[in-house]
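Please read the points with the structure open.

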Amino acid sequence: MSWRPAFASQSPHQGFWWDYERKKYYLLVPEQWASFYPTLVAVILTLSLSWADKIIRKSLLYFVKWFSEPTQYGPLSDSGSYLDDSTIYNAEQDVIELLRAPGGGRALLKGTSKRLYKHGFCANVLLLFVGLLILCSWVGRVVAGVYTAKIIADRQAVWESDRCGIWEFDSEGAGDEAATRADVYERDKEARAGEYARNCYERSNIAGQEQPYSLCDFFSHRNITYTKTSNFTCPFADDSVCVTGAQAVTFDTGLVDASRIGINAEITYKFRRSTTCAPLNDDYPFVRNATSHNTTTFFYQYGSLLDWDDEIANYTFSTTNDPFDTRVPAYDVRLHGTSWDRKYDSWQPIPELTPPANTTITIMLISPLHIYYLKPSADPIFGADKKCYVEGYQQPFYCRKSDPKARLFACIDRHELCSPSGDRCWAMNDEEAELRTKAALSPSYWLMKLSLYSSSMYDSIVWRLGNALIAQERVAQFISTPLPDNHWVAEVERGFASSLARIQFDAWEISSGVGRQHEGDDGYVEYTPAEAGDMCGLYKFKSTGYKNVDATAFFVLLFVVPLSLGVLSRTVGQVSDFWGFVKCCFRRSTSKPDSVPGPGSDGRTTAGTIDRNCLEASDVVSDMNEAGWGDDSEDTTTEAPEGSGSGLSGSAHDTISGEDTPLLTDEMKEVWDSRQLVFFWLLSLPFRLFTWLFRTFEARSQ
């Protein structure tokens, strides 16, 4: 029986699926097909860029015509120089050449701000709009390119199984051979959790020591985070049972959402797992000894052992003589634990050790056998202060504490189940709370709860015993590397991390139905509660050989963006009415209050021509096309009727001043090259914002 079936028989659901944790739709496909999707999107976006260029080009040309018109403030200076403070913006000035000149950039911003200040609010809004249009267009291209590559997401997937639940060994109906196989299988599951804790919890918490490990990349979340605290308060009912001066240590996950252990459901509940441990007093009356026939036996009286209702021992453990005489380089580890229903427990702790309500307790005895330490240690559990000399070595080793007694510590485990909001929590065996909160009706709740059943300190070490210790890993032949004075805390932390890893593995086993392969000859039967419902399809993990496609991004980039650009490129000519309205707004804002209708003395249009110019705003499209700046594939030019006045369709000239003046010259076309425009708008946006803030402040101060 293998304890790594995940890599041999993964069963991801292919196709569309919803990730409730990230609130996204994904499409899971085989890895060899994953590159097809971004390639398809890139091709479609490339073909649709011509539509985007058409939209930008036409929009810019409408603005160029409007912004290059003279105003009632008078003609431009003869020199057209921006260095002259009395001038305003000249559309025929070569922006690139100006920026290359000494002080050109400052003069450009100064002249632009002066014109914007004179033209009023509409000009500022319009200029900002066009600048943002150009900026967004170029940024949009970059973003689209980036997202094209990012539509391929991670390897998250939902496990697909048609039968889920818990399978446990039937000790009464199976034979001895099946029982032995079941013991080995349970040991392998515990070792799997311990190995995961060693490689994926401990190393990930130490900077620079995280190492690649295939099993660490299986769960949707690498580990369950927790905190560590310590104090000098004895966590048990009576302070006398704790070692005086020794610290108690607590490891606590806090509230953990069920999605952290891979549960993918619309409503996920929360849980909290904590463990508090402390070394136990090994003096009288908790430890007693008796000598008979030169044999000394130590009795550790922390509770009695029961065989159903009959007491078989009034002590918890016993050791004989000096354990160092046992020529085995190992640790003797023994333990007992309680359950949530204590009346069936084989170990009944003494009143001083009675755990709080809705908790369990694990007591562990640790005794080093024939092990030599290079240095002494004051650890309350793994201490060594007795000098031992070995033939051939001048320096002494340290073999154990001065007395041959074993050392013990106990841990209180707390499991809490909580509502989705975390405002209410209850014990694992509180069925009334489950009914009150309707948690018992949710398969995702049951998947979380059943995953916590084998996650105590007792379940982290019971099958491996001494082989689970970090101290055992440091023994080579009969010699151990030095152990720190608080090494027992590291052992407890390893056990706590193993219990969290066990939660992660059990969640996968329940939702995948792995235990059903041991039905029949292996003696396993299903014990899934009927009220748990269908727990299949609720588990999320990282698949191997598959990739996710971000369904939303793929749909938007493949359909929405190209179709939107195509439609806008066909209808962009209709915005000429908008530009005409802006022209009116601009002229209203620049007209003097006492202007008289009719042409001004300088031959330029005054406020009296506002309505006529608004009606002539539709001339922009034909003006741009005839000037050579419009869509080459569309000929919208019409010949203006004779005597129709200025600015009618088909005229490629600006007739506002009553003269037949070309609208766009070759120099203007060169100046308003799109790349120069982008540079100009980006350069002027911060200064324009500062100008607007200054004007607002000035207006409020007046």
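**Notes on local geometry**

1. N321 is found in the loop between strand 13 and strand 14 (331–337); helices (H or I, at least four residues) and strands (E, at least two) are DSSP runs, numbered from the N terminus. N321 has a positive phi of about 55 degrees, although this residue is not a glycine. Most residues other than glycine have a negative phi, and most peptide bonds are trans.

2. On the basis of the note: the model is predicted, local features need pLDDT of at least 70, side-chain atom pairs count only at pLDDT 80 or more, and totals for chains, interfaces and linings use all residues. Residues are numbered from 1 along each chain as its sequence is written, and side-chain values use heavy atoms, with hydrogens and water left out.

3. A cis peptide bond leads from Y284 to P285, with omega near 15 degrees. P285 belongs to the loop between strand 8 (270–279) and strand 9.

4. An open sheet is formed by 3 strands in the order 9-10-13, with antiparallel pairing; two strands pair if DSSP finds at least two bridges between them. Strand 9 (287–292) and strand 13 (317–320) are the edge strands, each pairing on one side only. On average, neighbouring strands of this sheet are turned by 20 degrees against each other, direction ignored. Strand 10 (residues 295–300) and strand 13 run antiparallel and are joined by 4 bridges. F299 stands opposite S318 in strand 13.

5. The axes of helix 9 (residues 443–451) and helix 12 (residues 487–512) come within 8 Å and cross at roughly 130 degrees. Axes are lines fitted to C-alpha atoms, for helices over the stretch in contact, and angles run from 0 to 180 degrees between N-to-C directions.

6. In the contact (heavy atoms within 4.5 Å), L447, L450 and S451 of helix 9 meet I503, D506, A507, I510 and S511 of helix 12.

7. The model has 31 aromatic pairs, counted where the ring centres of Phe, Tyr and Trp (its six-membered ring) lie within 6.5 Å; planes under 30 degrees apart are stacked, over 60 edge-to-face and the rest tilted. One of the pairs, Y196 with F219, is edge-to-face, at 5.3 Å centre to centre and 75 degrees between the planes. Y196 lies in helix 7 (residues 176–202) and F219 in the loop between helix 7 and strand 5 (227–231), so the pair ties together parts that are 23 residues apart in sequence.
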